[in-house]
Amino acid sequence: MSLLEIDDLTVKYGSISAVRGAAMTVASGEVVGVIGPNGAGKSTTLGAVAGLRSPAAGRVRFDGTDVTGWSPDRMLRAGLALVPERRRIFVDLTVRENLLVGGATVGAAERSRMLDEMVELFGALRARWNTSAGYLSGGEAQQLAIARALMSNPRMILMDEPSLGLAPVLVDLVFGLVEELRRRGRTLLVVEQNAVRMLQVADRAYVMRSGEVVAGGPSAQLAARADLFEAYVGRSAS
Amino acid sequence: MTELIQQTVDGLGRGSEYALIALGIAVIFGVMHLVNFAHGELITVSAYVAYFLFTLELAWWVYAPVIVGTAVATSIAIEFVAFRWVRGAPDFTMLLTSFGVHFVVAALFVMFVSANVRNFDRPDWITNTISVGGINLEVFDLVTIAVTAITLLATVYLLQRTMFGISLRAAAEDFDTARLMGIRSNRVIRGAFVLAGVLAGIAAVFVLMRTGRASPTAGLTPMLKGVLAALIGGLGSMGGAVLGGFALGLVEVLLLARLPDGWVGLTNGIVFLGIALLFTFRPQGLISVGHAERV
Amino acid sequence: MSPAVVQRWLAPTAGGAVLVAALVVGGFLYALTGGGARDALVTQMLINAIVVVGIQVYVGNTGVLSFGHIGFAGIAGYVFAILAISPERKATIIPDAPFGLADVSVSPAVAGLVAVGVTVLVGVVVGLGLGRSGARSGAVSATMITLALLFLVHEMAVNWTELTGGDRAGLSFDLGDSLGGNGPVVVALLASVVAARLFAESPWGRLAQAAREDDLAARAIGVDPAVLQMVALLGSVVIVAVGASLRVYELGTISPRFFFFDYTLLTLTMLIVGGRKSVTGALVGVTVITVGNELTRWLAGPDVSITGLDWILRDGLSEIFLGAAMLGFMIFRSSGLLDDWELDRWLFARWRTRRESRPAPPEPVRHSESVLVASDLVVDFGGFRALDGAGLSAEASEVVGLIGPNGAGKTTLLNVITGPVVPRAGSCRLDELLLTGLPVHRIARAGVVRTFQNLRLFPASTVREHVEVAALAARGHGAGREAPTPESLLVLCGLWEHRDRRARELDYGTSRRLELARAAAAAPEFLLLDEPTSGMSDSESLAMIDQVRAIASGVGAGVVVIDHDLAFITGICDRIYCLDQGRVIAMGPPAEIQADPRVQAAYMGTAITAEPSAGGSTPTTAPP
């Protein structure tokens, strides 16, 4: 059974339908990508799952429970963590304090345990433990954002464009992290513009365009499609 | 030279009161984007409670915790009755709301408690001086500075080493992302008001010891100074608020000492002029917490 | 008589006169029913109306909350008193007044004029300070400056006792030397209300209102908020100064607390309750609060006793009423009773809608030979290099596209050209004019006009007002080019039917077209469009192609457009630039760009981004 089920989801901003009739599933232990051009509705879909917006129609089911319209902190307590677009780390807080905030919903003992785990997993952060997060480089910041999401030991992690704004070397780093998380058995739903890299690390992926899911399937299959670019950006007007 | 040291201590003593109030205002501003003009009512209410205790002929060391408690209770009450309704409103609305709350509370006071000024005895040791290395310093200033230093240290501990404090700072920086991390907005905002209440309460103890009177406008001037100090420091910055408070106290005392006799009454006026100039040329305050607008 | 003249001059004057007449007649009738006390009340109400209207001229048109206007009032009041009180009287109350003012003797009218003059001078200084601090709707620093003024004036009044009589005695006129009848008050009120309405309908007023609605969007069509705010401030200060002088003369006395927090609360509450964006609202607010105040005073007085409520019907009820009114409206209806409704504007709109017919769409305008060039731009945001030598060029006769993945720097490039972002290297030019470093509104006036990715309309303004305001902002620098009328632009964009609807009520597609129409009405040489099809369906995007083309030829402008919808971009552009990581990686006609593997790679990523190694897709940095 799927850990996450998105069923006929419609999300609106005022009168615009940013997402129409989207359907996706994520099984436990899978890494699923959501690729597509900017404005396709990928982030909106993720946001609706995470509880940032209430969908106008459709259902979201997490581990069998209907979580449609649940608030973000309720979703977090249910085991779903979000790494937001552009990271949104707290620059006034230190690396350690950022992580503690990520564990705000779990007890002190668990938090302490997760903190130790993060130290082990993220070497780059260890060196900056008590530095203000505003001084981190782009790559370190992205690692911090991911680590912060891991602090609540979630059942599933949503990631919104993790490679956005990063130099090529750091993009490698980020996808390397995604692969590492996959190796450790984490379940991920990742929105990405960098389709080629995403398809390399994901088990399955969905393609979204103009608010709709236009394709889906195992990554190898999608990567092999000759018309992927067209599905991605749309047919030209000629 | 000795004079300068005396004035510095005196200025820091005054500045301590401002710093505590300013910090409370900065904390509330951080989580709600609200400049709390009603903050002074905490002191006004405390003043009358102090007078009431005085009529019961209790010792001053009993007053202190009761005053702090009163300030906290008043702070929570004001948040619950008025400010909770305007969360997330534009700054214009927030400013006028706090202005309105200030007036209603002040008016309720005049109506139900007293329009009269009540005096009460200040503690005996207020006017004592002690000699340190040949310089005469007022015991009161030293006590104020010491207590404030302890309070600030405790606050720093709270803000940096407890989950509540870290959550508060996270919410003050980015409320939405903090909520995303599961931090509950109600708890954080109410916590901010409680913290501000404690700080204002401690400041109130010293203000009242210094003035010895309870009047409907007892809280107005300290509140104003606190707001100005928080603004000088840069509204988003808690450290800035504390620095602003001490700076304001020092400037006041030094000005007072240096102005020719006839001009003494204009000390406040000069301070306000300075504030106006500061905002003209550096609207973000001395220590800016920049938030760029996305185009 | 053309509708424009009626709108600008006739309607506001007539409307203002009607409002004042209503207020005066109402007051007169009320005063008839009672004695001297009622007369005084009506006079005070009319005087308060002058002051509140004065405050409205600034707060309403700029959106900046000012606590300082009563500070201005205080200055005017004191200057008036010091000059108008007879020397004999002054000898007893302020014999040591500096500058020989104790001997000065002028008529009240002259005293009033000098009071206005002095206050305006102070207003200029304060206005410069506000402008420097970047005052705009919602700016806390601006409000704090005005608060500082209020306190400064109060402090000086309390402490400069030789001049002001200080806190206890204050200044007072001889018995019998005071305002006679209501004549001067009614005249002053009429003049103030008409002036306020005329200002609000003038280009200055309307542009100030646009800046109030959205500062950034207003600058993008050429509006300079600082100048307008200064004009509004000075106008408001004049009116407030007149009202303050009359108030002092009517009361016969002045002391610092007359122009401090209490009067500030009263006047601001009146303004808020009525609706700060409207002169009609200000007057309604004055009436409502005056009536309410009197009612509470009567209830709290000795003549009234209601069982169960007596505990609250006592002294201080009026203050609670005022504070509660302020609070209540802020929480439940912050726009006030009338929001921005004006009597004469409402009547005029009705009259015009009945008479006017749908205009013809504009004839195509010849494109000029202008060229927009951006070259070698470098922009750093903290440690992040957003633009690394990017640039583009566009002629006024073409449509140029700008594409690239998220974070490539497209919007940053647009921001550098239009002004909000200053590059650390490189430059932008429109023909010979160097644009780099100019403020946003100057660049817009030069003819480079943009739209916004996140839609920045003026929420409370109507569709029609959007294009009218843009046209007003463009007056004088359209450089003799034939510009289509705002009305014809509305027809061109399919907005004619919506012309009287407010922007905040429009659906998304219509809103996007309005942004386009507004930009077109600002007499652009170049239109820079930031994701105009964002959020649109495929069919809507295709319709936008024709829309943008029609607009471009209707105003003779070149177009630079950013978008992610390749169908839209390839359908509309003559040439396309593709950006990635802050650099231009490809440029050419649509067919070429679409087939370019570098473009595909930029959008979809590449297999290996670091040094290609023999083993395929191994990341170069292994996680710990």
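Analyst: In this predicted model, helix 13 of chain C (residues 279–300) and helix 14 of chain C (residues 317–332) have axes that come within 8 Å of each other and cross at roughly 145 degrees. The crossing of these two helices is right-handed. From helix 13 of chain C, the residues that make the contact are I289(C), G292(C), N293(C), T296(C), R297(C), L299(C) and A300(C). Helix 14 of chain C answers with L317(C), S318(C), F321(C) and A325(C). By class, the residues of this contact divide into six nonpolar, four polar and one charged.

Helix 14 of chain C also has a part in the contact with chain B. In that contact, 38 residues of chain C meet 35 residues of chain B. On the side of chain C, the elements that give two or more residues are helix 5 (108–132), helix 6 (140–159), helix 12 (261–274) and helix 14. The largest share, 13 residues, comes from helix 6 of chain C. The side of chain C that touches chain B divides into 22 nonpolar, 11 polar and five charged residues.

The secondary structure of chain C comes to 24 helices and 12 strands, and its C-alpha trace spans about 100 × 65 × 60 Å along the principal axes. Among the contacts in chain C with a separation of 6 or more, 76% are between residues 24 or more positions apart.

T70(B) counts as buried because it has 24 C-beta neighbours inside 10 Å, where 20 or more are required. Leaving aside neighbours within four places in sequence, T70(B) is in contact with V45(B), S46(B), V49(B) and G201(B). The C-alpha atoms of T70(B) and L42(B) are 7.6 Å apart, while the two residues are 28 residues apart in sequence.

Chain B also touches chain A, and this contact takes 14 residues from chain B and 16 residues from chain A. On the side of chain B, helix 6 and helix 7 (175–180) are the elements that give two or more residues. Helix 6 of chain B supplies the largest share of that side, six residues. The side of chain B that touches chain A has six nonpolar, three polar and five charged residues.

Helix 6 of chain B (163–173) turns up again in the surroundings of helix 3 of chain A. Helix 3 of chain A (residues 95–102) is mostly covered, with seven of its eight residues buried. The buried residues are V95(A), E97(A), N98(A), L99(A), L100(A), V101(A) and G102(A). Besides helix 6 of chain B, they pack against helix 4 (108–121), helix 5 (123–126) and helix 6 (138–150) of chain A.

Elsewhere in chain A, four strands form an open sheet with antiparallel pairing, in the order 2-1-4-5. Strand 2 (16–27) and strand 5 (65–66) of chain A are the edge strands, each pairing on one side only. Strand 1 (residues 2–13) and strand 4 (residues 57–62) of chain A pair in the antiparallel sense over five bridges. I6(A) has V60(A) in strand 4 as its bridge partner. Helix 1 of chain A (residues 42–50) packs on this sheet and touches strand 1, strand 2 and strand 4 of chain A. The direction of helix 1 makes about 115 degrees with that of strand 1 of chain A.

Chain A as a whole has 10 helices and 10 strands. Of its 238 residues, 55% count as buried. The C-alpha trace of chain A spans about 55 × 40 × 35 Å along its principal axes. Its radius of gyration is 17 Å, which agrees with the value near 18 Å that a compact globule of 238 residues would have. In chain A, residues 24 or more positions apart account for 67% of the contacts with a separation of 6 or more.

Note on methods
Residues numbered from 1 in each chain as written. Chains lettered and ligands numbered in written order. Predicted model: local features only at pLDDT ≥ 70, side-chain atom pairs only at ≥ 80, totals over all residues. Rg over C-alpha atoms; globule rule 2.2 N^0.38 Å. Buried ≥ 20, exposed ≤ 12 C-beta atoms within 10 Å, placed from the backbone. Contact = placed C-beta atoms within 7 Å. Axes fitted to C-alpha atoms, helices over the stretch in contact; angles between N-to-C directions. Left-handed = near helix turned anticlockwise from the far one by under 90°. Nonpolar A, V, L, I, M, F, W, Y, C, P; charged D, E, K, R; others polar. Pairing = 2+ DSSP bridges.
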